[in-house]
Amino acid sequence: MKSLFFSRGLAGLFTALALLLSGCGYNEFQRLDEQTKSAWSEVLNQYQRRADLVPNIVATVKGEANFEQETLTKVVEARAKATSMQVTPETLNNPEAFAKFQAAQGELSSALSRLLVVTENYPNLKANQGFQDLRVQLEGTENRITVARNRYIQAVQAYNVLARSFPNNLTAMVFGYKVKPTFSVQNEAQISTPPTVDFNKK
């Protein structure tokens, strides 16, 4: 009889605990945390896609006589730096590590942009179908990166709003759900007038 009473009491305790956790946002934290991880994985996937294109682009450009070596060197160095960073799930909860990762990817973006601008001065490259195909792939990848980053930003926003809202912020404190860092623009003034490059100049 005591055993039956104990079992019912234990079941009741677990039921009450489950209701308490669901009512304080615990399950929502689980869902949104997984959503941010999934969105982050897609960001990394697109960054890797871009990194994989760089060696072929560099090899093609190297075939052009007298091409600016400094520009190529910066691309190679920026890729090496971006791909050497160890990215773990903990990166999402570490603003400093996240900022370093973001800066490294930004350097690679800048170096590639500079490379594409410089290639305008080389008619043979502009006429090279292999290079043109790589450029189209790179531009498509940059678009995918933008989409993936935007989805990550939205996922983090939903998570952070939950983490900061009462009474869910109490759950966040108890279970260690910290506000996650998100992508930011290094120079916010630049976003009002994004640079445009016309690759079809004659």
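In which helix does Gln 132 lie?

A: The model is a predicted one. Gln 132 belongs to helix H6, which comprises residues 129-164. With a relative accessible area of 14%, Gln 132 falls under the 20% limit and is therefore buried. A polar atom of the Gln 132 side chain is 2.8 Å from the backbone oxygen of Lys 126. When residues up to four places away in sequence are not counted, Gln 132 touches Leu 125, Lys 126 and Ala 127.

The aromatic pairs can be taken in turn. A search of the whole structure finds twelve of them. One of these joins Phe 67 and Tyr 122: the ring centres are 4.8 Å apart and the planes stand at 45°, so the pair is tilted. Phe 67 is located in the loop between H2 and helix H3 (69-84), while Tyr 122 is in the loop between helix H4 (95-118) and helix H5 (123-127), so this pair links parts that are 55 residues apart in sequence. Phe 67 and Tyr 122 are both buried.

The pair of Phe 98 and Tyr 152 is stacked, with 6.1 Å from centre to centre and 20° between the planes. Phe 98 counts as buried because its relative accessibility is 2%, and Tyr 152 counts as buried because its value is 0%. Phe 98 and Tyr 152 are also members of one aromatic cluster, together with Trp 40, Tyr 47, Phe 101 and Phe 183. Over the face of Phe 183 lies Arg 149, at 4.1 Å from the ring centre.

Tyr 152 leads on to Thr 36. Thr 36 is part of helix H2 (residues 26-62), and at a relative accessible area of 0% this threonine is buried. Leaving aside neighbours within four places in sequence, Thr 36 is in contact with Tyr 152, Ala 155, Val 156, Tyr 159 and Lys 180.

Conventions
Residues numbered from 1 in each chain as written. Predicted model: local features only at pLDDT ≥ 70, side-chain atom pairs only at ≥ 80, totals over all residues. Heavy atoms only, no water. Helix = DSSP H or I, 4+ residues; strand = E, 2+ residues; numbered from the N terminus. Buried < 20%, exposed > 50% of the residue type's maximum accessible area, 1.4 Å probe, protein only. Polar contact = N/O pair within 3.5 Å; in protein donor to acceptor, adjacent residues only side chain to side chain. Contact = heavy atoms within 4.5 Å. Phe/Tyr/Trp six-rings, centres within 6.5 Å; stacked < 30°, edge-to-face > 60°. Lys NZ or Arg CZ within 6 Å of the ring centre and 35° of its normal.
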